[in-house]
Amino acid sequence: MFNKLTKRGFCTAISSRPWLFVGLGNPGEKFRGTRHNVGFEMIDVFAESVGIPMNRVHCKAVFGEGFVGDIPVFLAKPQTYMNLSGESAGPLAAYYKLPLNRVLVFHDDMTLPCGVLRLQHNGGHGYHNGLKSVIYHFRGNREFARLRIGIGRPPGQMDPKAFLLQKFNNTAQERIDTALQEGVGALKLLLSHGLSESARHFNHEQKYKHIRLQTMPV
């Protein structure tokens, strides 16, 4: 892939520097469709939309690579289980010599209503164990972008861990399916116009969705 990238001149144009997109989740059929795996789902939906096959294993991740327009894109789903995601994300960024401002992590977020997304430049881990691991393997550096995918909060006194490993009901799944398509649009905008402009535009749209959905049951 690097020979292909070099031939297409990615080293000489800032606008065409590679991006690494990392979706967080747990491997195996047992976890497919659970709330904690929406990061994996975002990778799969984006990969399908741009025609990048996820057909390799690289740095402990299911991996795909290709171009979106002239932008080289690496896609990864760490197979380390959620709490050790950094064992894959850290080596991948190092292998491709990517600055962290060219890394974007997709993850579930209980602080956002189900189906609401946020694109941001950086941040903490918010008690998300996958993000904790990624930050640790980035040597404490938090200056990487995130696509936060809202899954809502557990109902009543439900254990958050059980909630995360539960599959979506039909209403929630419809919201997530819509959100993932919106995420694809945001990612394509990011690749064509940069993170700052895409985040400003996308988050403005999602703000009104947040207001509309935050009081609606799922």
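Me: How many disulfides does the structure hold?
Reply: The structure holds zero disulfides, a disulfide being a pair of cysteine sulfur atoms within 2.5 Å. This is a predicted model, in which local features need pLDDT of at least 70 and side-chain atom pairs count only at pLDDT 80 or more, while totals for chains, interfaces and linings use all residues. Residues are numbered from 1 along each chain as its sequence is written, and side-chain values use heavy atoms, with hydrogens and water left out.

Me: And Cys-114, is that buried or exposed?
Reply: Cys-114 is buried, with a relative accessible area of 4%, where buried means under 20%, exposed over 50% and partly exposed in between, computed with a 1.4 Å probe on protein chains only. Cys-59, at 23% relative accessibility, counts as partly exposed.

Me: OK, switching to the core. Which residues touch the most other members of the largest one?
Reply: Those are Phe-21, Phe-46 and Leu-104, in a nonpolar core of 36 residues; such a core is a set of buried Ala, Val, Leu, Ile, Met, Phe, Trp, Tyr and Cys residues joined through side-chain atoms within 4.5 Å. Helix 6, residues 170-193, supplies the largest share of this core, with nine residues; helices (H or I, at least four residues) and strands (E, at least two) are DSSP runs numbered from the N terminus.

Me: What does Phe-46 touch?
Reply: Leaving aside residues up to four places away in sequence, Phe-46 touches Phe-21, Val-68, Val-73, Leu-75, Val-184, Leu-187, Lys-188 and Leu-191, contact meaning heavy atoms within 4.5 Å. There is also a second, separate core of 21 residues, which includes Leu-98, Val-103, Leu-131 and Ile-135.

Me: Where is Ser-133, then?
Reply: Ser-133 is found in helix 4, which spans residues 129-137, and at 8% relative accessibility it counts as buried.

Me: Which residues does Ser-133 touch?
Reply: Not counting residues up to four places away in sequence, Ser-133 touches Asn-83, Leu-84, Ser-85, Gly-86 and Glu-87. A polar atom of the Ser-133 side chain lies 2.8 Å from the backbone nitrogen of Gly-86.

Me: Last topic, backbone angles: what is the phi of Lys-60?
Reply: Lys-60 has a positive phi of about 65° although it is not a glycine, and this residue sits in the loop between strand 2 (56-58) and strand 3 (61-68). Lys-60 is partly exposed, at 49% relative accessible area.

Me: And Arg-139, where is that?
Reply: Arg-139 is in the loop between helix 4 and strand 7 (145-150), with a positive phi of about 60° although it is not a glycine. Arg-139 is exposed, its relative accessible area being 84%.

Definitions and conventions. Polar contact = N/O pair within 3.5 Å; in protein donor to acceptor, adjacent residues only side chain to side chain.
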